[in-house]
Amino acid sequence: MSVKMGLALLKAELEKVWSRPILEITVALMAVMTIFSVRPLTEIVSHSEFSTAFQSALTGSVSATVASLMLPWVIMCGVLMSLSFARDYEQGMMQSLLSVPVSRKLLFTVKFVAVILPLTLLSWFFTTFFVGITFYSSPWLVLQLSFFALPVSLLSLMFCGGISVLIALTIKRTIPAVLTALLANLFFWFPTTIRTQHALMEGAGYANYLCLTPYKGALVFLDKLLGIAPMGIDIVPVGGSSLADALEYSLPAGSFAVLLVFYAFIFAIPMFVYFYRRFEICE
Amino acid sequence: MGCEVIGEFKAVTKRFGATTALDGLSLKISQGINGLIGPNGAGKTTAIRLSLGLIKPNAGKAELFGFDCWNDSCAIRRKVGVLYEKLAFYDHLSGLEQLKLMAKLKSGSESSVELKELLRLVELDDAAHDRRIGGYSAGMRQRLGLAQALLGNPELVLLDEPTSNLDPLNRAKILELITSLNKEKNTSFLISSHILPELEKVCDTFILMDKGKLLRQGSLEQMIDKTFTTKFTVKAQPIKQVAALLKGEEYIEDLSIVEDSLHVTVRDVGLFKQRLPLLIGQAGASLDEVKMVRSNLKSVFKSAVEEV
């Protein structure tokens with residue numbers, strides 16, 4: 001009965017969250033961001049004869065493409081998740097749903113999944129497809145990417161969703177919650193735009209720790225899974241240690257996997273527990 | 001109607017920050033039609049939410065059908081239907097789809113016969129099939145909300161302002177429906193409303209709250225008996241002299257001359273009845289008529305709230 005209830009509720013939530021034109025906007029945003037961030041095919045192909053240059057192009061392009069793709073995920077996930085919780089609270093939908101014998105655990109899970117699941121699938125598809133058509137000369141890379149992009153997208157989106165739920169259930173007002181969730185997620189996304197080796201070479205020591213932030217960490221993890229290493233990490237900046245000693249390059253992939261799982265659940269689990277044990281409708 | 005108690009609040013306190021919404025509230029919900037009345041901010045909606053486990057009390061205990069309202073809220077929600085003042089639906093669904101979904105969530109199944117019957121009862125059978133709820137008028141949403149509250153033959157239906165968006169005709173129909181469901185299916189109701197004459201028509205018992213506390217509970221007659229002030233209309237000659245005499249009496253709460261009669265509100269009916277002929281006699285005036293004004297729910301409400 002619980003599964004049947006859950007599926008019925010999930011269907012209604014999916015239809016509500018992804019009603020026109022939300023899905024269309026999300027797809028368009030992802031497509032635009034990807035197209036603008038993918039390097040011209042000619043450049044990649046012409047360099048492909050030189051392995052080092054190809055490696056460099058790969059590093060720049062995969063990271064840049066996934067980082068750019070992350071922006072629409074983060075925006076849409078932040079907006080939709082905070083809308084799903086804050087707007088439903090404000091408009092009385094949550095009150096109505098909690099007044100029928102639906103368990104709070106089920107309601108939270110359904111609302112969370114209704115946002116995360118389509119976004120994960122969309123981000124996985126876009127990452128695989130757009131990066132794939134760019135690097136068609138390296139099918140093994142495309143295959144690897146299509147395999148690894150799914151868990152990385154899911155875990156990143158869970159962090160984004162978790163923090164957005166926290167904000168929505170704290171603020172409980174639709175517009176302020178959406179704006180705050182957007183700002184918070186953009187704040188965490190921003191480090192993905194900083195190239196660690198450039199920042200370190202310019203003496204910005206903080207850059208060493210950017211790879212420990214949720215989204216940058218996800219990108220580094222993906223690079224490591226694909227076996228991509230940037231060029232020139234053996235360069236020793238003036239007065240500094242080798243770039244290869246930086247956390248981004250020295251920590252193994254496993255460390256980033258643990259970090260990503262940690263971030264995925266750091267807000268999602270406490271919010272789940274709070275929702276089913278303490279959350280109140282007290283408007 | 002029977003007066004079996006189906007729910008009880010025992011010294012329930014609920015605070016939201018510095019605001020105390022329920023202040024040691026103790027009340028009983030009986031089988032039948034209960035009216036929940038009180039001024040704005042009295043704690044009526046908080047009491048309704050608390051009874052469904054949407055709010056956890058800071059102190060005290062609330063029970064419905066023997067289940068703890070916070071810990072066993074799922075069991076309660078199987079037996080209770082609710083219509084909130086703030087109506088919310090999946091606006092992209094049609095009325096019938098919404099009811100099907102809520103029926104599934106409530107009992108795990110949907111009976112199309114029951115759904116059709118409910119839609120017929122609230123006169124939504126035409127619009128419910130193909131129109132999205134987003135396009136419904138306020139009255140239609142209200143009626144759909146009522147149909148949703150009645151899903152699965154609940155033993156108790158909590159209605160928060162059930163007639164607020166309805167025209168007079170539909171209000172009368174809803175009240176008729178409430179009465180007939182109570183008689184035919186023995187469904188109990190707890191109706192929170194500010195439209196007191198309507199409640200007076202349908203309710204067996206009343207719960208009067210203010211500032212999170214219970215002021216009165218019982219049938220209208222019991223509420224009137226507990227009211228401290230009673231109104232009289234006095235016709236006497238000369239009226240101004242009688243008014244001046246009565247003004248000095250300590251049991252007189254309020255006094256005014258309206259046309260040729262005196263409207264008097266008294267705190268002690270016995271003393272008033274005893275003293276009035278004496279005062280008239282002393283003044284050499286003539287007493288033509290003394291009539292007690294029939295109290296209604298509105299007057300009970302007013303006097304009880306003013307006493308606080």
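**Chain A, contacts and fold**

I began with contacts in chain A, counting heavy atoms within 4.5 Å as a contact. Among contacts between residues at least 6 apart in sequence, 82% join residues at least 24 apart. The model is predicted: local features need pLDDT of at least 70, side-chain atom pairs count only at pLDDT 80 or more, and totals for chains, interfaces and linings use all residues. Residues are numbered from 1 along each chain as its sequence is written, chains are lettered from A and ligands numbered from 1 in the order in which they are written, and side-chain values use heavy atoms, with hydrogens and water left out.

Next I took the secondary structure, as DSSP runs numbered from the N terminus (helices are H or I, at least four residues; strands are E, at least two). Chain A has 13 helices and 0 strands.

I then looked up burial, where buried means under 20% relative accessible area, exposed over 50%, and partly exposed in between (1.4 Å probe, protein chains only). Chain A has 283 residues, and 56% of them count as buried. I also noted its accessible surface, from the Shrake-Rupley method with a 1.4 Å probe; for residues, only the protein chains shown count as cover. The surface comes to about 12,200 Å², and carbon and sulfur atoms hold 72% of it.

**Nonpolar cores**

I used this rule: a core is a set of buried Ala, Val, Leu, Ile, Met, Phe, Trp, Tyr and Cys residues joined through side-chain atoms within 4.5 Å. The largest core has 159 residues, and A:F85, A:M94, B:L105 and B:F189 have the most contacts inside it. Another core lies apart from it, with 18 residues, including B:L255 and B:I280.

I went back to B:L105. Leaving aside neighbours within four places in sequence, B:L105 contacts A:M5, A:L9, A:L97, A:V100, A:P101 and A:V102.

**Nonpolar surface patch**

Patch members have over 30% relative accessible area and no salt bridge; like charges are joined within 9 Å, nonpolar side chains (Val, Leu, Ile, Met, Phe, Trp, Tyr) within 5 Å. I found A:V261, A:F265, A:I269 and A:V273 in one nonpolar patch, with about 290 Å² of accessible area together. Helices α12 (253–266) and α13 (268–277) of chain A each supply at least two of its residues. A:V273 sits in α13 and is partly exposed, at 33% relative accessible area.

**Cysteines**

A:C160 is buried, at 1% relative accessible area. B:C203 is buried too, at 10%.

**Salt bridges**

I counted a side-chain nitrogen of Lys or Arg within 4 Å of a carboxyl oxygen of Asp or Glu.

- A:K11 pairs with A:E15, closest N and O atoms 3.3 Å apart. They are 4 residues apart in helix α1 (residues 2–17) of chain A, so about one helical turn separates them. A:K11 is exposed at 54%; A:E15 is partly exposed at 32%.
- A:K16 pairs with A:D88 at 2.6 Å. A:K16 lies in α1 and A:D88 in α4 (residues 51–91) of chain A, so the pair ties together parts 72 residues apart in sequence. Both are buried.
- B:D23 and B:K213 meet at 3.6 Å, N to O. B:D23 is in strand β2 (residues 19–30) and B:K213 in strand β10 (residues 213–218) of chain B, 190 residues apart. I also noted a network through shared partners: A:E13, A:K16, A:D88 and A:K111.
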